[in-house]
Amino acid sequence: MKNKIGVYICHCGSNISDYVDVKKLNEITAKIEGVNIAKDTMFACADSTQKEIIDDIKSNELDSIVIASCSPKLHLETFRNVAIRAGLNPYNYVQVNIREQCSWAHSDDKKGATLKALQLVKAGIERVKRSQALEPIEISSRNVVLIVGAGVAGMRSAIELADMGTEVYLIEREYFVGGRTSQWNTLFTTDETGEQVIKRLYKKVISYKSITLFTGAEIVSKSGGIGKFDIKLKIKPRHIKPNCELDWKKFDKAVSVCPIEVEDEFNFGLTKRKAIFMNYKSEFPQIPAIDTENCNRCGECVKICPEIDLDQKDEILNIKVGAILLTTGADPYEPKKDEYGYKTLDNVITLQQLKRLIELNDDKNLSYKGKKIKDVAFIYCVGSRQEEGGNTYCSRYCCTSAIHSAILLKNKYRDIRNYHINRGIRTYGKQELLYKESSENGDIYLQFFEDKIPTVEKSKNGATIKVIDILTTNREIELEADLVVLVTGMVPRKDNTIAGILKVPIGRDKFFNEIHPKLRPVETVIDAVYIAGACQAPRTIRESIDSALSATAKANSLISKGKIDLEPTLAQIDTSTCEWCGKCVDVCPYSAIKKVEKEGKQIAEIIESNCKGCGMCMPVCPSNSIQLIGYTDTEIESMIEALIS
Amino acid sequence: MESPKILVFSTEKISDPAIDLTGLLKKYYPSTVYTIAIPCSSAVKPKWIMHAFEKGFAGVFIAADGTDCPFSEKCTENTGNIVSHTHEFMKEKGIDPARLKMAAICSVCTDPFVKHMKSFLKFLTENKEQKN
């Protein structure tokens with residue numbers, strides 16, 4: 001038990017002392033058993049106060065300190081460093097929150113706030129009395145990052161990491177890099193095409209020796225943890241002989257003889273593709289691929305193109321990395337059958353299909369299924385902002401993308417008329433310029449509420465849309481359209497196997513979940529596993545790259561020093577009382593507990609490298625044999641007693 | 001009459017930031033509400049809750065992570081099980097199970113937190129008056 005405790009009570013200017021009687025609190029605290037020094041201070045975090053605390057610790061040989069000030073979320077590390085500089089173990093320091101959870105929360109009740117502050121300080125003292133001197137767990141780390149997903153976010157991050165001296169494995173599940181961006185034509189605000197952006201990033205990626213790119217690659221399994229992950233990759237064959245000079249004329253002929261036709265995902269099902277394919281000629285890597293899942297191995301292509309090798313097999317590769325960054329992207333929302341006539345009416349498509357349709361059409365006429373298009377009706381928020389069930393969130397990018405597409409249509413085909421049937425336009429920031437341009441182009445905006453959604457019915461020439469327009473005093477407006485475009489947002493990837501393998505938490509919206517949206521926006525609870533881009537939430541290209549760069553900096557700063565200090569918050573098993581029952585193993589989300597035999601007895605053992613210190617194993621133990629360091633029964637129960645005293 | 005004391009088990013990454021934010025926004029709740037922050041709501045031991053009742057807390061509130069839990073998607077289920085087991089222990093000791101409550105408090109759930117605290121305190125006060 002610690003018995004030479006220093007207690008510092010902060011006024012925080014007047015943020016605390018206006019509502020808590022700090023002087024009185026200090027007088028009472030000084031008399032508590034075990035307290036050696038009690039001081040009140042104007043700003044505990046000020047450099048001068050930090051120096052004073054360090055001097056006090058040294059001159060009075062304090063064995064622990066309590067600082068009653070703001071939330072530990074702000075200054076825990078500040079005061080841990082104070083302890084270290086004074087030669088005190090940083091885990092013999094406890095911070096008590098008497099600002100956010102006391103003076104501010106009870107500024108309507110000064111007497112109550114002072115009483116509460118006293119109980120909180122007492123609880124902090126009881127906790128620090130029982131604190132253990134702990135050492136962070138130091139582990140070595142590999143200065144290597146695995147980036148999963150070679151879209152814009154993944155490639156941009158790879159380049160930055162390589163520039164900072166970190167080795168990168170960049171893996172892409174598809175045969176070609178670029179992700180969703182490669183599917184888009186002209187982009188707002190630069191007017192570059194997705195293809196151009198991807199080309200620029202790819203050329204840069206392959207110029208680095210420290211970046212190894214695998215396409216057709218997926219994680220099969222993961223072991224180890226922060227700083228030292230062992231990853232098993234499966235790499236699908238392209239069925240093209242390595243390092244060969246491909247004759248493109250022969251390739252084109254091989255494509256034409258391939259008897260397999262499948263729906264082309266790149267064009268969102270607007271076209272068909274063969275089993276041997278490239279989505280577009282300038283796609284990267286500049287090597288075609290044979291889609292193993294659909295190829296019937298007839299061998300017709302091999303007869304024409306000897307560079308094709310149908311005998312190639314999956315390759316398994318083991319790599320060792322220090323951190324992992326997920327930039328796996330998102331899928332577009334697929335409307336349900338008959339949702340606004342989708343897949344039941346001929347002329348209803350999604351926004352993503354429209355973007356490909358613009359690319360696939362010539363410059364003279366826009367046509368779909370052989371019919372010339374003149375009137376286009378965009379219906380917004382399809383599959384987004386749903387009150388119940390489905391997706392309650394707003395994908396944010398879709399308003400901008402729809403309006404941008406409408407402008408592209410108007411610029412390419414002058415006689416197009418656009419109707420935007422929306423629930424309120426959210427072209428935030430600079431994107432508002434697009435809304436202005438579209439309005440100036442003569443686009444017509446109609447607005448509806450979610451409880452009175454538009455209807456789409458087949459008509460003689462296309463579709464009839466009826467909408468109760470709140471902008472014209474709730475009148476029902478009926479319009480004819482040649483093409484109905486459902487403005488759909490983003491949803492998490494259909495195949496999210498990787499979340500299971502890496503144990504990455506999923507949020508209520510089913511996207512990957514960060515630790516804290518504001519304070520730790522690219523970190524997950526799995527140490528050294530970061531998330532960025534649209535796998536975390538719907539994002540624009542720019543926002544995806546912003547978050548990728550943030551995750552890049554976090555990953556590099558963690559692993560580049562070659563060693564990592566970890567919080568010593570781990571579960572501990574009392575081997576004398578543990579009678580193996582397996583309940584702790586059942587609730588542990590991280591496979592951090594195993595059964596071992598010691599002295600002829602079966603007991604549980606913590607795998608420290610896997611334990612995340614969540615404590616879920618503790619309450620299920622029937623013999624109360626599990627304690628969490630920093631949250632032991634004696635610490636918690638002594639705090640409870642102090643709070644009620 | 002002294003106001004009943006409530007012990008809140010909050011979670012360091014989700015519900016405790018919400019309680020901090022509540023204070024920051026000066027949204028008032030009773031000053032007899034005390035918080036102990038732990039890593040995850042699924043880590044609260046029934047033993048701790050029973051200790052709180054034994055020592056004089058009128059109510060215990062678990063400010064759970066719910067579906068936002070960064071550790072496990074089964075957090076709600078696990079915390080629910082802890083509450084159910086503790087309710088059994090409370091019944092055995094003659095303690096009204098309604099004195100233990102649990103609700104998901106997300107990192108920005110300031111209004112729900114205040115509402116829960118006020119209604120819980122009201123319930124505990126009325127309960128105390130009836131007994132008196």
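Q: Is B:Thr22 buried or exposed?
A: B:Thr22 is buried, because its relative accessible area is 0%. Buried means under 20% relative accessible area, exposed means over 50%, and partly exposed is in between (1.4 Å probe, protein chains only).

Q: What should I know about the model before we go on?
A: It is a predicted model: local features need pLDDT of at least 70, side-chain atom pairs count only at pLDDT 80 or more, and totals for chains, interfaces and linings use all residues. Residues are numbered from 1 along each chain as its sequence is written, chains are lettered from A and ligands numbered from 1 in the order in which they are written, and side-chain values use heavy atoms, with hydrogens and water left out.

Q: Back to B:Thr22. Where does B:Thr22 lie?
A: B:Thr22 lies in helix α1 of chain B. Helices (H or I, at least four residues) and strands (E, at least two) are DSSP runs, numbered from the N terminus.

Q: What does B:Thr22 touch?
A: Leaving out residues up to four places away in sequence, B:Thr22 touches B:Lys27, B:Tyr29, B:Thr110, B:Phe113 and B:Val114. Touching is contact, meaning heavy atoms within 4.5 Å.

Q: New topic. How many residues are in contact between chain B and chain A?
A: 50 residues of chain B are in contact with 51 residues of chain A.

Q: And how much area do the two chains bury?
A: About 4200 Å² between them, with 60% of it on carbon and sulfur atoms. In chain B, the residues that lose the most area to chain A are B:Lys45, B:Trp48 and B:Phe71, together 15% of what that side buries. Buried area is the accessible area (1.4 Å probe) that two parts lose on being put together, summed over both.

Q: How many residue pairs are in polar contact there?
A: The count is 19 residue pairs, with both residues at pLDDT 80 or more. A polar contact is a pair of N or O atoms within 3.5 Å; within protein, one must be able to donate a hydrogen and the other to accept it, and residues adjacent in sequence count only if both atoms are side-chain atoms.

Q: What about A:Arg80 and A:Glu567?
A: Their side chains meet in a salt bridge at 2.6 Å, N to O. The pair links distant parts of the chain, 487 residues apart. A:Arg80 is in helix α3 (residues 72-85) of chain A, and A:Glu567 is in the loop between β30 (563-566) and β31 (571-573).

Q: Why does A:Arg80 count as buried?
A: Because its relative accessibility is 12%. A:Glu567, at 40%, counts as partly exposed.

Q: How far apart are the closest N and O atoms of A:Asp415 and A:Lys372?
A: They are 3.1 Å apart, in a salt bridge. This pair is 43 residues apart. A:Asp415 sits in the loop between α11 (397-412) and β22 (417-422), and A:Lys372 in strand β20 (residues 371-372) of chain A. A:Asp415 is partly exposed at 35%, and A:Lys372 is partly exposed at 41%.

Q: Which residues do shared partners join into one network?
A: A:Asp633, A:Glu637, B:Lys45 and B:Lys47. One of the bridges is B:Lys47 to A:Asp633, at 3.6 Å, N to O.

Q: Last one: how covered is helix α10 of chain A?
A: Mostly covered: 8 of its 10 residues (351-360) are buried. Among them are A:Leu351, A:Lys355 and A:Ile358. The buried residues pack against elements of chain A including β17 (330-332), β21 (375-382) and α11.

How values were computed:
Salt bridge = Lys/Arg side-chain N within 4 Å of Asp/Glu carboxyl O.
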